[in-house]
Amino acid sequence: MKCAIILAGGKGTRMKSEEPKVMCEVIFDPMIYHVISSVLEANIEDICVITGYKHEIVEEYISALQGNISHGYQREQLGTGHAVMQARGFIIDHLDDEILILNGDGPLMDKDTINKSYDYHMQNNNAITLVSAIVDDTDGIGHIKRDDKGNLLRIVEHKDATEEEKKISEANAGTYWLHGSDLLYAIDNITNNNVQNEYYLTDSLEILINKGKNVGAYVCENSEVILGANDRKQLNTLNNIMRRNINDAHMLNGVDIPCTDGVMIGRDVKIGKNTRVLPNTIIKGCTVIGDNCVIGPNTWIEDSVVGNDVILDNCKILDSTVEDGVDAGPFVKVRANSILKKGVHIGNFVEVKNSVVGEGSKSAHLTYIGDSDVGKDVNFGCGTVTCNYDGKVKSRCTIGDGAFIGCNTNLIAPVEVGEQAYIAAGSTITDSIPDKALSIARAKQVNKEGWVDIKKPYKEKK
């Protein structure tokens, strides 16, 4: 059986954040989310997260995630080995299992690296397998020291390394596989005899070598997976890499992104083939988009379902459903709990909120549809407003199939408009309208001749 310990106790002082380091976001989600997601994708379901600085924030966040995720608390930040010691009970429960240890601020670690390093670990019957990578910049890394035959000797932290050791370009990724009983033995024998007076988990390697155990290092194929971030500039680097990786994966799956400028797509988003995503488009959350759509430019979609053959130009779609063949934009906002049914047209400067707009209905411009149930083939004239709030409660409007709403109409909720009813432009509707009726609710026009000359409402020019 496989399980995992994720180290997430760091403060991240250089981030200059009020939140724990692992809560800093990469492509819309905290770094800890990406790590947990990769672990779950690798079919590891039993996870223990070690928290520390402002632990309540991390613990509340992970409690809302799916999976068997427990946590331990590191009251003092005394090194990675000390952090793992806080999972002692978890380790004891998994003495016969293989335990993955990794950092909560390494969001680029992926399921392929996790699975391949596990296979290497098992095939070589190792007590510990660490993940390493060959890097160009050796500053600050944990250096992998080997003998002349390539056998692992130990990991030397950069602060404790000699000048010769600092030249070693094989870097420790901070990701390890250990057999449960071997991990327990290692943490019971780690000391803080080093420059920082901390308990280094990396000392586990030398401890297990001295016990005569098999050890090994899986050199990962992509060195980017080991990257973390200590400041906002490095966080930007992680964002750019993950954005590129996600966009590349979608393009290889048949999504057309002709120009990736400003295109940011969350890791959980699903997009169908032959859909085109245009610049400055953000798609996040658990959004699902169908085939043959055009999304963007300048469009934001969050936690929504978009059907096939949809065009969204300069739109903001939040927690809503957009069915097949909808055409919306520019400058359209669809707010939570809305459904745009098949073939709906929503034009410029239209807002829809908590409403169902029926098949084939049209609102070409400058309209607010809030808390309403709209039938099929309804036409909204320019400037229509559903007045859904009286200062105390919000009420709904119901508009029947085929109704025609004239320009500058106010519908004072709650009100019902019958099927194929017509409303004259400029009306304020306060009562229900029967099917196929014409409703006119406006003051009679009165012309007062000569009024301007009498009242002189302007300042006469001298």
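Is phenylalanine 331 buried, partly exposed or exposed, and what is its relative accessibility?

Modeller: The model is predicted, and the values below are computed from it. Phenylalanine 331 counts as partly exposed, because its relative accessibility is 47%, between the 20% under which a residue is buried and the 50% over which it is exposed.

The ring of phenylalanine 331 has a partner. Applying the ring-pair rule to the model gives 4 aromatic pairs. One of them is formed by phenylalanine 331 and phenylalanine 349, which are stacked with 5.0 Å from centre to centre and 15 degrees between the planes. Phenylalanine 331 belongs to the loop between strand 23 and strand 24, and phenylalanine 349 to strand 26 (residues 345-353), so the pair ties together parts 18 residues apart in sequence. Phenylalanine 349 is likewise partly exposed, because its relative accessibility is 48%.

Phenylalanine 404 and tyrosine 422 have their ring centres 5.1 Å apart, with 15 degrees between the planes. Here strand 33 (residues 404-405) supplies phenylalanine 404 and strand 36 (residues 422-423) supplies tyrosine 422, so this pair, too, links parts 18 residues apart in sequence. Phenylalanine 404 is partly exposed at 34% relative accessibility, and tyrosine 422 is partly exposed at 45%.

Proline 330 lies in the loop between strand 23 (327-328) and strand 24 (332-334). The peptide bond that leads from glycine 329 to proline 330 is cis, its omega being near 0 degrees. Most peptide bonds are trans. Another cis bond, with omega about 0 degrees, joins alanine 413 to proline 414. Proline 414 sits in the loop between strand 34 (410-412) and strand 35 (415-417).

Loops elsewhere in the model hold backbone angles worth checking. Most residues other than glycine have a negative phi. Aspartate 371, in the loop between strand 28 (362-370) and strand 29 (372-374), has a positive phi near 50 degrees. Asparagine 43, in the loop between helix 1 (31-41) and strand 4 (46-51), has a positive phi of about 65 degrees.

Lysine 316 lies over the face of tryptophan 300, 5.1 Å from the ring centre. The charged end of lysine 394 is placed over the ring of tyrosine 389, at 5.8 Å from its centre.

How values were computed
Residues numbered from 1 in each chain as written. Predicted model: local features only at pLDDT ≥ 70, side-chain atom pairs only at ≥ 80, totals over all residues. Heavy atoms only, no water. Helix = DSSP H or I, 4+ residues; strand = E, 2+ residues; numbered from the N terminus. Phe/Tyr/Trp six-rings, centres within 6.5 Å; stacked < 30°, edge-to-face > 60°. Buried < 20%, exposed > 50% of the residue type's maximum accessible area, 1.4 Å probe, protein only. Lys NZ or Arg CZ within 6 Å of the ring centre and 35° of its normal.
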